[in-house]
There are 2 protein chains.
Amino acid sequence: MPHRDRNDAAGAGKTPRTERGRRTMRAILDAAALEFGERGFHDASISGITRRAGVALGSFYTYFDSKDAVFRALVRDMSDQVRDHVAPGIRAAPDQLAAEQAGLREFIGFVRGHKVLYRIIDESEFVDPDSFRLHYATTAERIATRLKAGAARGEIRADVSEIHAWALMGINVFLGLRYGVWAEDVAAETVAETIADMLINGIGPARP
Amino acid sequence: MPHRDRNDAAGAGKTPRTERGRRTMRAILDAAALEFGERGFHDASISGITRRAGVALGSFYTYFDSKDAVFRALVRDMSDQVRDHVAPGIRAAPDQLAAEQAGLREFIGFVRGHKVLYRIIDESEFVDPDSFRLHYATTAERIATRLKAGAARGEIRADVSEIHAWALMGINVFLGLRYGVWAEDVAAETVAETIADMLINGIGPARP
């Protein structure tokens, strides 16, 4: 196997060149999500992944060098999946505050359908700290960029900063944990509306 | 060793009866924070803890049955330490919004002095899921209780709920990660002021 730099996210998996290759890689990543999500990194095995994916061991090694490599690719894949899942709702919203509301609603929906997401991202803090850091740094930067674009359109306060972006990320992650992973006792839309109202009116007493 | 129920948090460590015993247990917990924080749960060892604490192996077993037990006690101890560290600032604040600002400022300060906090709480998700859940459920409940008390005094919106409490917890955890663990490039007070302003005025454009 050629040496791959551990910090080189692009080196986590080889890019498939054919449609069939893309389907195989997709099957391996989906199987890896189940295997790592259910068993944790240390107990998970490459043969467990290939068995779940219904692919040969050779196919696995066509795309990944090791258990570490497929885990690293999976963190990045889940991060991208979240981004892609929430993007249409954000884009369709009439303004940036509505976009943040749609983003949270869609995120909770995604989490409910992908309960392993947290286990995988959270375990990356221990298995692959660079992936963990990259996931949150990238997400915060994406939020900061869209908040600043909203500020430029006059929809968000002019002094919006990285601090607000990290605050919004924290809100989304923890509401996703409570109302997505732990229990589904409140509608995602209700949670998102409550937060949107807080982001517009604050949590102080009603203004006169 | 007597059997102890894994879910019984009180069973994580025996309560010392003397002042000397309390000092020994404190030394063991502080050493455990360093050992688990630096090496992670799997690589950490009881002998590593007793060596760091400067206590005999027998003293360890006076208070804890196993590596699992001391880890469980540590998660609870760090959770209590955070609560105790932020409590005076919260109590001294003139109103609930100022209290939330003081709480965040003090939390970031605590994290800067205890960088292992996140690694330990975060690893509990895998090592001892009950402790992980208890930590966040207890913290959210404490925040909800003080927000509702603030609402009763007319300092917080009347419809404040568990959703707001989880949002505030998410804000605190992620700003603690970014400005406490990752880098100290912004003053804790600046971060806390920015969030307090957001909690009062929202992130929408300035009101006319």
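User: At what angle do helix 6 and helix 7 of chain A pack, and how far apart are their axes?
Analyst: Helix 6 (residues 117-127) and helix 7 (residues 129-152) of chain A pack at about 130 degrees, and their axes lie 6 Å apart. Helices here are DSSP runs of H or I with at least four residues, strands are runs of E with at least two, and numbering starts at the N terminus. The axes are lines fitted to C-alpha atoms, for helices over the stretch in contact, with angles running from 0 to 180 degrees between N-to-C directions.

User: And what's this model, with what ground rules?
Analyst: It's a predicted model, where local features need pLDDT of at least 70 and side-chain atom pairs count only at pLDDT 80 or more, while totals for chains, interfaces and linings use all residues. Residues are numbered from 1 along each chain as its sequence is written, chains are lettered from A and ligands numbered from 1 in the order in which they are written, and side-chain values use heavy atoms, with hydrogens and water left out.

User: Which residues make the contact?
Analyst: From helix 6 of chain A, I121(A), D122(A), S124(A), E125(A), F126(A) and V127(A); from helix 7 of chain A, P129(A), S131(A), F132(A), H135(A) and Y136(A). Contact means heavy atoms within 4.5 Å.

User: How do they split into nonpolar, polar and charged?
Analyst: Six nonpolar, three polar and two charged. Nonpolar covers Ala, Val, Leu, Ile, Met, Phe, Trp, Tyr, Cys and Pro; charged covers Asp, Glu, Lys and Arg; the others, Gly among them, are polar.

User: Now helix 1 and helix 4 of chain A. What's the geometry?
Analyst: Helix 1 (residues 19-43) and helix 4 (residues 67-92) of chain A pack at about 105 degrees with axes 9 Å apart. That makes helix 1 of chain A roughly perpendicular to helix 4 of chain A. Among the residues in the contact are L29(A), F36(A) and F41(A) of helix 1 of chain A, plus V70(A), F71(A) and L74(A) of helix 4 of chain A. By class, the contact has 10 nonpolar, two polar and four charged residues.

User: Zooming out, how many helices and strands does chain A have?
Analyst: Nine helices and zero strands. The C-alpha atoms of chain A fill a box of roughly 70 × 35 × 30 Å along the principal axes. Of its 208 residues, 54% count as buried, meaning under 20% relative accessible area, with exposed over 50% and partly exposed in between (1.4 Å probe, protein chains only).

User: What do the buried residues of helix 2 of chain A pack against?
Analyst: Helix 1, helix 3 (57-63) and helix 4 of chain A. The buried residues of helix 2 (residues 46-53) of chain A are I46(A), G48(A), I49(A), T50(A) and A53(A). Just after helix 2 of chain A, G54(A) takes a positive phi of about 70 degrees.

User: Switching to rings. How many aromatic pairs are there over all chains?
Analyst: 21 aromatic pairs. Rings of Phe, Tyr and Trp (its six-membered ring) pair if their centres lie within 6.5 Å; planes under 30 degrees apart are stacked, over 60 edge-to-face, and the rest tilted. One of them is F174(A) with Y136(B), edge-to-face at 5.1 Å centre to centre and 75 degrees between the planes.

User: Where do those two sit?
Analyst: The pair crosses between chains, with F174(A) in helix 8 (residues 162-182) of chain A and Y136(B) in helix 7 (residues 129-152) of chain B. F174(A) and Y136(B) are both buried.

User: Which ring cluster do they belong to?
Analyst: Ring pairs link F132(A), Y136(A), W166(A), F174(A), W182(A), F132(B), Y136(B), W166(B), F174(B) and W182(B) into a cluster.

User: Which charges lie over W182(A) and W182(B)?
Analyst: R133(A) lies over the face of W182(B), 4.3 Å from the ring centre. The charged end of R133(B) sits over the ring of W182(A), 4.3 Å from its centre. The rule is NZ of Lys or CZ of Arg within 6 Å of the ring centre and within 35 degrees of the ring normal.

User: Last one, T24(B): buried or exposed?
Analyst: T24(B) is buried, at 18% relative accessibility. T24(B) is placed in helix 1 of chain B. Leaving aside neighbours within four places in sequence, T24(B) contacts V55(B), S59(B) and Y63(B).

Notes. Parallel < 35°, antiparallel > 145°, perpendicular 65-115°, else oblique.
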